[in-house]
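Dear colleague,

My notes on what was found in it follow directly below.

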Amino acid sequence: MADGGGWRPPRPCETYSAEWKLCRSARHFLHHYYVHGERPACEQWRRDLANCREWEERRSAEAQQSLCESERARVQAARKHTLVWALRQSPPADWHLPLPQEEKDQ
Amino acid sequence: MAGAPDESGPGSAAGEQMQQQHVACQVFPERLAQGNPQQGFLSSFFTNNQKCQFMLLKTLQTNPYVKLLLDAMKHSGCAVNKERHFSCEDCDGNVSGGFDASTSQIVLCQNNIGNQAHMNRVVTHELIHAFDHCRAHVHWFTDVRHLACSETCVRDRAILSILAVRNISKEVAQKAVDEVFESCFNDHEPFGRIPHNKTYARYAHRDFQNRDRYYSNI
């Protein structure tokens, strides 16, 4: 989305900074290596942080575009696995209904 | 009902219990009993029920995993009400809790949950089942792949969990887990990431609260 009017970075710049810092921490390295068998890739967070600051300071259109592309790639990566079960269109009808014994009491 | 195992640890997954209606009364006797359960001897100043209620309240108010799950469920149309959706009861065996899809209720085993950290884990675990039930058509009893999916965190533990509650061969269980593992292991909803500890859970909650800004600016 590059409509200029009213756009702002998807996350506050402090968030990109926090994510980059967490990514580079020893604890995260251990978690990530244990689960995936390879070291985490943190460079993209650093780029996103730089682009965020670039946009904040200079309203750079390139920074805006890079940031959008980066976040869209993240969303795509998260959605690439099809779910095992079918998603509901609406929540279960009986979620808020009273419990059966409450109905008997009434 | 999907049961939570007792104290976590790499080898202890076999405590997982999944109950059909005719078996449920054996582990959750109060689910089908009439009238109030009897208190046994008074072992301390507070009853197990009171301790359970108190610890549950603390979890709901302070635990970052649970707070995100509650927000996500509210957003999905399944707002959670403590009195309606939680029940502290005595249970048989080593089960810590369960999610009863037929009554939309989380059962907490007041005689088996020992401390606040344990309560935090059980509530988080069962809320994930409730969340999955809220957002998807989960066939808890009729599709072993769905069962595998709801319990997937570590492959071998998922296999053991299924074998504990289904009379099927190890090969069938392994196949079910392998079929769904790739998809289910990568389904991090509502966290958006594997929340290894409370810091990750807090970041996940922050991202969840920021989602409107996020999706309208990418």
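**Notes on the model**

Ser104(B) sits in the loop that runs between β3 (97-100) and β4 of chain B. Please keep in mind throughout that this is a predicted model. The phi angle of Ser104(B) is near 55°, which is a positive value in a residue other than glycine, and with a relative accessibility of 1% this serine counts as buried, since buried means under 20%.

A second residue with a backbone of this kind is found in chain A, where Arg59(A) has a positive phi of about 50° although it is not a glycine. Arg59(A) belongs to the loop between α3 (43-58) and α4 (61-79) of chain A, and, with a relative accessible area of 51%, it is exposed, because the cut-off for that class is over 50%. As background to both residues, most residues other than glycine have a negative phi, and most peptide bonds are trans.

Turning to chain B as a whole, its secondary structure comes to ten helices and five strands. Buried residues make up 50% of the 218 residues in this chain, and, of the contacts in chain B with a separation of 6 or more, 60% are between residues 24 or more positions apart.

What lies at the centre of the contacts in the largest nonpolar core? This core has 48 residues, and the members that touch the most others are Phe86(B), Leu108(B), Met119(B), Val123(B) and Leu127(B). Val123(B), leaving aside its neighbours within four places in sequence, is in contact with Leu56(B), Thr59(B), Val66(B), Phe86(B) and Leu108(B). Another core, of twelve residues, lies apart from this one, and its members include Cys13(A), Tyr16(A), Cys52(A) and Ala63(A).

Two helices of chain B deserve a separate paragraph. Helix α2 (residues 48-62) and helix α5 (residues 116-135) have axes that come within 9 Å and cross at roughly 65°, and α2(B) and α5(B) are therefore roughly perpendicular to each other. Their crossing is right-handed. On the side of α2(B), the residues that take part are Cys52(B), Met55(B), Leu56(B), Lys58(B) and Thr59(B), and they meet Gln116(B), Met119(B), Asn120(B) and Val123(B) in α5(B). By class, this contact has five nonpolar, three polar and one charged residues.

Val107(B) is part of strand β4 (residues 105-109), and at 0% relative accessibility it counts as buried. From Val107(B) to Ser183(B) there are 76 residues in sequence and 28 Å in space, C-alpha to C-alpha. Phe181(B), for its part, is found in helix α8 (residues 170-185), and, not counting residues up to four places away in sequence, it touches Thr152(B), Cys153(B), Val154(B), Arg155(B) and Asn186(B). Phe181(B) and Asn120(B) are 61 residues apart in sequence, and their C-alpha atoms are 26 Å apart in space.

With best regards

Notes: Residues numbered from 1 in each chain as written. Chains lettered and ligands numbered in written order. Predicted model: local features only at pLDDT ≥ 70, side-chain atom pairs only at ≥ 80, totals over all residues. Heavy atoms only, no water. Core = buried A, V, L, I, M, F, W, Y, C linked by side-chain atoms within 4.5 Å. Buried < 20%, exposed > 50% of the residue type's maximum accessible area, 1.4 Å probe, protein only. Contact = heavy atoms within 4.5 Å. Axes fitted to C-alpha atoms, helices over the stretch in contact; angles between N-to-C directions. Helix = DSSP H or I, 4+ residues; strand = E, 2+ residues; numbered from the N terminus. Parallel < 35°, antiparallel > 145°, perpendicular 65-115°, else oblique. Left-handed = near helix turned anticlockwise from the far one by under 90°. Nonpolar A, V, L, I, M, F, W, Y, C, P; charged D, E, K, R; others polar.
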